[in-house]
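Please read the following points with the chain open beside you. They are meant for someone who has not seen this entry before.

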Amino acid sequence: MKPCVKITACLLLLLALCACGSYESRIAGTWQGDGSLDSGMEGADPPPPFDGAERWVFDGKESAVVTVDGRDIQLHYYASDDTLTLNDGGEVSWGVLYERKGDTLRVGGAEFVRVK
């Protein structure tokens, strides 16, 4: 194989890998909902601070702000292909299912729409 072809193939592969992005960056942005988020974690100790979320702001780098009852709460997050793991800086983390389709983000059973 000619060196130019090898270099071109390597660059195309690198470009494809860079375009994929992380799961965290895929949900970056501001998402607005109706405050109906119920994580289904009744009785959890401590209870998840994001139940009743009205808005999420994900920075794409593992930091998020969730608005619940008009109050902003700082969280750290990690996203996999279907689970959003959230932590408020304490010892407990919460995992909730999520799915993104275009400008819609489903967290648990609640739906959020991208506003930014």
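1. Leaving aside neighbours within four places in sequence, D81 is in contact with Y23 and Y98, where contact means heavy atoms within 4.5 Å. D81 lies in the loop between β4 and β5; strands (E, at least two residues) and helices (H or I, at least four) are DSSP runs numbered from the N terminus. With a relative accessibility of 55%, D81 counts as exposed; the classes are buried under 20% relative accessible area, exposed over 50%, and partly exposed in between, for a 1.4 Å probe and protein chains only.

2. Residues are numbered from 1 along each chain as its sequence is written, and side-chain values use heavy atoms, with hydrogens and water left out.

3. On confidence: the chain has a mean pLDDT of 86, and 82% of its residues reach 70 or more. pLDDT is the predictor's confidence in each residue, from 0 to 100. Over residues 14-19 pLDDT stays under 50, and the model has 0 contacts beyond four places in sequence for them. Where pLDDT is low, the predicted coordinates should not be read in detail.

4. On the overall fold: 8 strands form a closed barrel in the order β1-β2-β3-β4-β5-β6-β7-β8, with antiparallel pairing. On average, neighbouring strands of this sheet are turned by 35° against each other, direction ignored; the axes behind this angle are lines fitted to C-alpha atoms, and angles run from 0 to 180 degrees between N-to-C directions. Two strands are taken as paired if DSSP finds at least two bridges between them.

5. Which residues have the most contacts inside the largest nonpolar core? They are F50, W56, F58, L84 and F112, in a core of 24 residues. Such a core is a set of buried Ala, Val, Leu, Ile, Met, Phe, Trp, Tyr and Cys residues joined through side-chain atoms within 4.5 Å. The elements giving two or more residues to this core are β2 (53-58), β3 (63-68), β4 (71-79), β5 (83-87), β6, β7 and β8 (110-114). The largest share comes from β4, with 4 residues. Beyond four places in sequence, L84 touches I27, F58, Y77, Y78, A79, W94, G95, V96 and Y98.

6. On β6 and β7: strand β6 (residues 93-101) runs antiparallel to strand β7 (residues 104-107), and 4 bridges join them. E99 stands opposite R106 in β7, and R100 has L105 as its bridge partner there. The hairpin of these strands has 2 residues between them, and G102 takes a positive phi near 60° in it. The covered face of β7 holds L105 and V107, and the uncovered one T104 and R106. In a regular strand the side chains alternate between the two faces of the sheet.

7. On β7 and β8: these strands also run antiparallel and are joined by 4 bridges. V107 has A110 in β8 as its bridge partner. The hairpin has 2 residues between the strands, with G108 at a positive phi near 60°.

8. Leaving out residues up to four places away in sequence, T30 touches R55, W56, V57, V113, R114, V115 and K116.

9. E62 sits in the loop between β2 and β3 and is partly exposed, with a relative accessible area of 41%. D69 sits in the loop between β3 and β4 and counts as exposed at 71% relative accessibility.

10. On S22: this residue is in the loop between α1 (3-20) and α2 (23-26). S22 counts as partly exposed because its relative accessibility is 29%. S22 and G60 are 38 residues apart in sequence, and 8.3 Å apart in space from C-alpha to C-alpha.

Key: Predicted model: local features only at pLDDT ≥ 70, side-chain atom pairs only at ≥ 80, totals over all residues.
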